[in-house]
Amino acid sequence: MRKIQMVDLQTQYQAIKPDIDAGILQVIESAAFVKGQKVADFQQHMEAHLQVRHVIPVGNGTDALQIALMALGLKPGDEVITPTFTFIATAEVVALLHLTPVVVDVEWGTMNMDIAALKRAITPRTKAIVPVHLFGQCANMEAIMEIAAEHGLYVVEDACQAIDAEYTFSDGSVKKAGCIGHIGCTSFFPSKNLGCYGDGGAIFTDSDTLAESMRAIANHGMVVRYHHDRVGVNSRLDSIQAAVLDAKLPHLKDYTARRQAAAAVYDNAFRNNPHLLIPDRLSASTHVYHQYTLRLQGVDREWLRQQLADNGIPTMVYYPVPLHLQKAYYDPRYKAGDFPVAERLAQSVLSLPMHTELDEEQLEYITTHVNALTLSGK
């Protein structure tokens with residue numbers, strides 16, 4: 001049996017090595033390392049894949065979120081609502097821009113933003129909502145967009161873990177994650193479902209006006225060379241990373257299917273285990289399984305992790321400390337116990353290996369050991 005890894009990028013690379021190598025070699029031979037043709041090609045192919053008017057490649061997913069918020073013209077002190085159970089970047093960019101992060105609890109089953117909590121958090125100072133499509137499944141975007149329209153708020157989707165997930169609205173229309181709100185953001189970090197071989201990210205929008213602003217912001221606030229009409233940043237996807245992504249993009253549908261197949265094996269193996277709760281699915285959204293995350297019941301998580309590690313099975317905990325309990329984001333409005341679902345999740349979630357190269361033997365080995373250990377009574 002091959003060594004089990006949380007993410008197996010080496011095996012994935014070998015399967016598409018000729019295309020990856022050819023794309024990188026083309027960049028090196030052209031010496032167009034920044035804003036080269038490969039970036040333009042990938043941008044166009046991504047726009048066609050997502051059926052969105054504008055894709056703006058940038059340096060990473062955190063930059064994508066920051067540039068998106070910068071383009072909205074928000075003022076210091078304006079409130080931005082986001083879930084407390086997520087990666088730190090979501091709140092980080094809000095704080096860096098001197099905006100006020102307002103966190104809300106999440107649902108126990110889907111682990112995404114709780115709609116009732118969102119409604120309660122809106123004040124006259126609220127200007128934007130940043131829903132996070134956690135672990136690969138869309139938040140309840142129909143409800144979020146209705147609430148945003150009612151209150152005149154922007155919606156910036158954090159789709160960094162959900163590239164290619166699809167959301168079906170009650171009228172039957174379907175949109176990709178990141179293409180529903182006013183702006184969507186994604187990351188191409190190597191471990192993502194569509195990942196490059198370094199840092200990378202992108203912003204999506206159907207708004208010509210927002211796209212023009214975000215392109216300028218990402219390029220030092222510049223439209224005409226050496227004429228800076230607004231404060232910007234330096235954030236761009238380099239040509240080698242674009243070549244990698246362009247080679248992977250045609251395989252994304254297959255990558256998603258493989259992850260979903262592995263998740264189905266996990267579901268079937270764990271569904272009747274009283275100590276394990278499999279991820280709930282929102283009926284309106286597909287799940288692309290950036291992570292496969294269980295909730296443990298009556299099991300010592302650290303003991304289980306160590307036992308699995310001793311048997312060659314890696315695991316991860318995303319995220320052990322919710323945003324409202326992070327020292328860097330201390331806010332006297334919040335204290336331990338204010339967001340009980342997120343706090344309970346932080347103590348009980350466990351993510352198993354999930355990637356495109358998991359094979360039948362590995363999945364059997366993982367599920368057998370997880371079930372045996374959790375049912376052992378320890």
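Which elements each supply at least two residues of the lining of the second largest pocket? The first view takes that up, and everything shown here comes from a predicted model.

**View 1. The second largest pocket, with a volume of about 380 Å³.** The elements that each supply at least two lining residues here are α3 (37-50), β1 (54-58) and α8 (208-218). Helix α8 has the largest share of this lining, at four residues. In total, 18 residues line the second largest pocket, and Lys35, Gln43, Ile56, Pro57 and Arg215 are the ones that lie nearest its centre. Sorted by class, its lining comes out as nine nonpolar, five polar and four charged residues.

**View 2. Helix α8 and what covers its buried residues.** Staying with α8, we find Leu210, Ala211, Ser213, Met214, Ala216, Ile217 and Ala218 buried. The cover over these buried residues of α8 includes β1, α4, β8 (183-187) and β9 (201-205). Look just past the end of α8 for His220, which takes a positive phi of about 60°.

**View 3. The largest pocket, at about 500 Å³ in volume.** Its lining is made up of 26 residues, and those that lie nearest the centre are Phe87, Gln161, Ser187, Lys192 and Tyr319. Two elements give two or more residues to this lining: α4 (61-70) and α5 (89-96). Of the elements, α4 gives the most, with three residues.

**View 4. Helix α5 and its packing partners.** Here the buried residues are Ala89, Thr90, Ala91, Val93 and Val94. They pack against a helix, α4, and against the strands β2, β3 (100-104) and β5 (154-158). After α5 comes His98, and its phi is positive, near 60°.

**View 5. An aromatic cluster built from Phe85, Phe87, Phe135, Tyr318 and Tyr319.** The model has twelve aromatic pairs in its count. One of them is Phe85 with Tyr319, an edge-to-face pair with 6.1 Å from centre to centre and 75° between the planes. This pair links distant parts of the chain, 234 residues apart: Phe85 is in the loop between β2 (79-83) and α5, while Tyr319 is in the loop between α11 (301-310) and α12 (340-348). Both Phe85 and Tyr319 are buried. Why is the pair of Tyr318 and Tyr319 edge-to-face? Their planes stand at 65°, with the ring centres 5.7 Å apart, and planes over 60 degrees apart count as edge-to-face. Is Tyr318 buried or exposed? With a relative accessible area of 19%, Tyr318 is buried, because the cut-off for buried is under 20%. Tyr319, at 12% relative accessibility, counts as buried too.

**View 6. Arginines over the ring of Trp108.** What sits over this ring? For one, the charged end of Arg344, at 3.9 Å from the ring centre. Arg295 also has its charged end over the ring of Trp108, and here the distance to the centre is 5.2 Å.

Terms used. Residues numbered from 1 in each chain as written. Predicted model: local features only at pLDDT ≥ 70, side-chain atom pairs only at ≥ 80, totals over all residues. Heavy atoms only, no water. 1 Å grid on protein atoms, 1.4 Å probe; cavity = no way out; pocket = protein on both sides within 12 Å on 5 of 7 lines; lining within 4 Å. Points joined across faces, edges and corners; volume = space filled by probe spheres on them. Nonpolar A, V, L, I, M, F, W, Y, C, P; charged D, E, K, R; others polar. Phe/Tyr/Trp six-rings, centres within 6.5 Å; stacked < 30°, edge-to-face > 60°. Buried < 20%, exposed > 50% of the residue type's maximum accessible area, 1.4 Å probe, protein only. Lys NZ or Arg CZ within 6 Å of the ring centre and 35° of its normal. Contact = heavy atoms within 4.5 Å.
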